[in-house]
Amino acid sequence: MKLKEVQQILDAEVLCGEDCLEREVTTCFACDLISEMLLYVKPQSLLITSLINAHVIHTAQVMDASGVIFVGGKKPDEGVIRNSAMNNVPLLTTPHPIFECCGLLFTNGIEGDKKNPLGRD
Amino acid sequence: MVDSLQYTPQITLEFPIGEKDFFMAGESASRVKKTLQQLGLKQDIIRRVAIIIYEAAMNVAIHASHGLLTVHIDPESISIQTDDKGVGIPDIELAMREGYSTAPYEAQEMGFGAGMGLPNMKQCSDELSLDTKVGKGTTLKAKVYFISKEHPG
């Protein structure tokens, strides 16, 4: 699924990265812990979180995420959005809370990655 | 993609990390990742090294007054080392337990300090050792081989 479709499903506002909406999203991971993001966010996966600090962007960038969705209508400050734009990490915010957000994406065909985080099955 | 770097000179990268310097943790992982990508290393190796660096540097930022992260790339492996001045680890076995954390609320509020740092690093590295003195500081050494027994492929 393309990031553009995710945006429509979640009624999301694009905070930065309009030019990245054609990116492919293969899987999603939702959490509020940086250590879990490091283990489970894979290339081309979408990070769903309610954390809005600069470290989330850094983590998404290091793990090659397709983008970040902030839930519950949360928005990071302007500096975080600018930094994310410079690093090509698209940011979207959805009014849906985390459970609804995950449910909507799941029922539209996006699943979590069930493989061992480090590829060791 | 390459399994070894026979024709590449050895590279050492250093990152000083100050107290509460959470930004540098992510930044050091980001910079090393770019270097490893330029060297053409496998994505799996880059991913594991980036996780170790992020977690190790974050531990220094959270728990120490200051420290140094050193990343050394040689033809067969990548060595990651942090040397810090800080509180040290009174009980290593407890610190290695998933979910155990002594991180302050300030760090936990930002999504850090979930008690997964050391277990994550252990999972991602081929070798991991800790040398710590309570009240003085900690040295952490991790190694990732390009061809690994623990993480084949």
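A:Glu22 is partly exposed, at 44% relative accessibility; here buried means under 20% relative accessible area, exposed over 50%, and partly exposed in between (1.4 Å probe, protein chains only). The structure is a predicted model, in which local features need pLDDT of at least 70, side-chain atom pairs count only at pLDDT 80 or more, and totals for chains, interfaces and linings use all residues. Side-chain values use heavy atoms, without hydrogens and water, residues are numbered from 1 along each chain as its sequence is written, and chains are lettered from A and ligands numbered from 1 in the order in which they are written.

A salt bridge is a side-chain nitrogen of Lys or Arg within 4 Å of a carboxyl oxygen of Asp or Glu. Over all chains, 9 salt bridges are counted. One of them joins A:Lys4 and A:Glu22, at 2.7 Å from N to O. A:Lys4 lies in helix α1 (residues 3–9) and A:Glu22 in the loop between β1 (13–16) and β2 (27–30) of chain A, so the pair ties together parts 18 residues apart in sequence. Helices (H or I, at least four residues) and strands (E, at least two) are DSSP runs, numbered from the N terminus. A:Lys4 is partly exposed, at 34%.

A:Lys42 pairs with A:Asp113 in a salt bridge, with the closest N and O atoms 2.7 Å apart. This pair ties together parts 71 residues apart in sequence. A:Lys42 is buried, at 11% relative accessibility. A:Asp113 is partly exposed, at 31%.

In chain B, a salt bridge links B:Arg48 and B:Asp44 (3.8 Å, N to O). Both lie in helix α2 (residues 43–63), 4 residues apart. B:Arg48 is buried, at 0% relative accessible area. Shared partners join B:Asp44, B:Arg48 and B:Asp126 into one network of salt bridges.
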